Amino acid sequence: MTEVQQSPLNWEASATVTHPQVCSSLPSEVEACLKNARFLHLATCDAMFPHISLMNYTYLPSTPFNPNPVIIMTTNPSSKKTMNLINNPRVSLLVHDWVSHRPPTRNPDPTREGSPPPQATRSSLASLLLNMNTSALSSISATINGEARMVDQDSEEEKWCKEKHLDNNTFGDQAREEQGLFGSTPHAPVEGDGGASCYIEGEEVRVVLVDVKEGRIADWKGGVKDWSLITEDRDERGRQGLVNGVS
């Protein structure tokens, strides 16, 4: 069997715009990532250091208030990311479509002697789960740049976004699945809506809306492709919201 050759890390320069693409809608790879991923990483920045947050989100091709692709998130107004967003609304998002497990180091632990080997000490279930996680599900990651804004409190837009973020969510089902796999925890109830309402309820919770502007697609070979979005009026396509690909 022929071994797949990995390209060298420096095979393609990417410090500037690379293989640019201008489009009127999100590239299909990016949209697929947003529809299928459960979380994304939100990068904000103050005057000194960037800050990364793992976020639940709702992706919408359009809304009644915006004909262009947007991403809805909610945040505590006292959080670090909220302070950053107020001072600097430019954000980057990272979403990818693979699951992987860090492989063992090339050199085994020199202090370990005798048998059995480390692999033999795993249960069959643990080995199965490890093999599933080690297999890449796909091959790209997408960086998305955009402008974030806090939706006006008590506005019709905020009410609509909160409803979509809750009604089209996967929090409850996934919470119940995880409870079955890992057991319950006192701080993560899954009764009723599975705890989903904690993401939108309370006067202190703010809705953050990111207007998508541009981004970059990186593949497993190290290749990159930049894209920018032309914002324009669209028809009624996408009026129904999706959260992580669930309508």
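This is a predicted model: local features need pLDDT of at least 70, side-chain atom pairs count only at pLDDT 80 or more; totals for chains, interfaces and linings use all residues.
I began with the rings and found that the structure holds one aromatic pair. The partners are Phe65 and Trp160, with ring centres 6.1 Å apart and planes at 70 degrees, so I noted the pair as edge-to-face.

Phe65 is in the loop between β4 and β5, while Trp160 belongs to helix α4 (residues 156-167), so the pair ties together parts that are 95 residues apart in sequence. Trp160 is buried, with a relative accessible area of 17%.

**The whole chain**

I listed five helices and nine strands. Reading from the N terminus, I wrote their order as β-α-β-β-β-β-α-β-α-β-α-α-β-β. The chain has 247 residues, and buried ones make up 36% of them. I also looked up contacts between residues at least 6 apart in sequence: 75% of these join residues at least 24 apart.

**Helix α1**

Which residues of helix α1 (residues 28-36) are buried? I found Val30, Glu31, Cys33 and Leu34. Looking down the axis of α1, I saw these buried residues fall within an arc of 155 degrees, so they line one face of the helix. Ser28 and Asn36, on the other side of α1, are exposed. The cover over the buried residues of α1 includes strands from several parts of the chain listing, among them β4 (58-60), β6 (90-96) and β8 (206-219).

Glu31 made me stop, since this residue of α1 is buried yet has no salt bridge. The nearest side chain of opposite charge is that of Lys35, 4.2 Å away. A salt bridge would need a side-chain nitrogen within 4 Å of a carboxyl oxygen. What does Glu31 touch, leaving aside its neighbours within four places in sequence? I noted contacts with Leu26, Tyr59 and Pro61.

**Cysteines**

I checked for disulfides and counted zero. Cys33 has 1% relative accessibility and counts as buried. Cys161 also counts as buried, at 1% relative accessibility.

Last, I looked at backbone angles. His19 has a phi near 45 degrees, a positive value in a residue other than glycine. I placed His19 in the segment before β1 (21-23), and with a relative accessible area of 47% this histidine is partly exposed.

Asp154 is another residue other than glycine with a positive phi, here near 65 degrees. Where does Asp154 lie? I found Asp154 in the loop between β7 and α4. Asp154 is exposed, with a relative accessible area of 77%.

Note on methods
Residues are numbered from 1 along each chain as its sequence is written. Side-chain values use heavy atoms; hydrogens and water are left out. Buried means under 20% relative accessible area, exposed over 50%, partly exposed in between (1.4 Å probe, protein chains only). Helices (H or I, at least four residues) and strands (E, at least two) are DSSP runs, numbered from the N terminus. The arc is that of the directions from the helix axis to the C-beta atoms. Contact means heavy atoms within 4.5 Å. A disulfide is a pair of cysteine sulfur atoms within 2.5 Å. Rings of Phe, Tyr and Trp (its six-membered ring) pair if their centres lie within 6.5 Å; planes under 30 degrees apart count as stacked, over 60 as edge-to-face and the rest as tilted. Lys and Arg count as positive and Asp and Glu as negative; His and the chain ends are not counted.
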